[in-house]
Amino acid sequence: MAVLFCVTAGDIITFYIYVSNTGGVALPVEVQVPSVLVSTIHCTLDAQPVSQSTSLAPGATMVCNATYAAQPDDFLRGEVFVNVTASAAVAGGRVYAQRCVWVMVQSRPQLVVEVDTLNCTLPAQAGALSA
């Protein structure tokens with residue numbers, strides 16, 4: 001799903017990540033977001049702060065958020081693409097769940113035209129405008 005934002009360089013985009021254990025046993029879960037995009041991830045479980053690597057009981061949901069400051073290059077690409085991964089160690093290996101988020105970035109117009117009406121003068125003679 002794409003979300004359209006009008007942002008400028010430096011504006012903050014916040015991503016909210018929900019990881020739920022829909023199985024029947026507790027899982028040691030780890031949430032990963034590319035560090036190129038965000039510097040820190042803040043997670044809570046039952047309204048208490050937890051690490052992005054924590055044990056998740058059956059039926060429990062961990063909520064994480066990560067922020068990203070829009071960069072000038074985002075406007076050239078027209079998008080910010082984030083690939084979020086949650087994984088858990090289980091007997092015989094790891095299980096993974098992945099979700100990709102695509103944020104279309106549209107810049108705001110930055111051109112401003114001002115006219116000084118107090119100091120306007122008429123041309124000396126009428127004629128065609130030249131470029």
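The model is predicted: local features need pLDDT of at least 70, side-chain atom pairs count only at pLDDT 80 or more, and totals for chains, interfaces and linings use all residues. Residues are numbered from 1 along each chain as its sequence is written, and side-chain values use heavy atoms, with hydrogens and water left out.

**Fold**
- The protein chain holds nine strands and one helix; helices (H or I, at least four residues) and strands (E, at least two) are DSSP runs, numbered from the N terminus.
- Read from the N terminus, the order of elements is β-β-β-β-β-β-β-α-β-β.
- Of the contacts (heavy atoms within 4.5 Å) with a separation of 6 or more, 67% are between residues 24 or more positions apart.

**Burial and surface**
- The protein chain has 131 residues, and 25% of them are buried, meaning under 20% relative accessible area with a 1.4 Å probe, protein chains only.
- Its accessible surface (Shrake-Rupley method, 1.4 Å probe) is about 9,300 Å².
- Carbon and sulfur atoms contribute 58% of that surface.

**Disulfide**
- A disulfide is a covalent bond between the sulfur atoms of two cysteines.
- Counting pairs of cysteine sulfur atoms within 2.5 Å gives one disulfide.
- The pair is Cys43 and Cys64, with sulfur atoms 2.1 Å apart.
- The link of Cys43 and Cys64 is right-handed, at 105° about the S-S bond.
- Cys43 is in strand E4 (residues 41-45) and Cys64 in strand E7 (residues 61-69), so the bond ties together parts 21 residues apart in sequence.
- Both Cys43 and Cys64 are buried.

Technical notes: Buried < 20%, exposed > 50% of the residue type's maximum accessible area, 1.4 Å probe, protein only.
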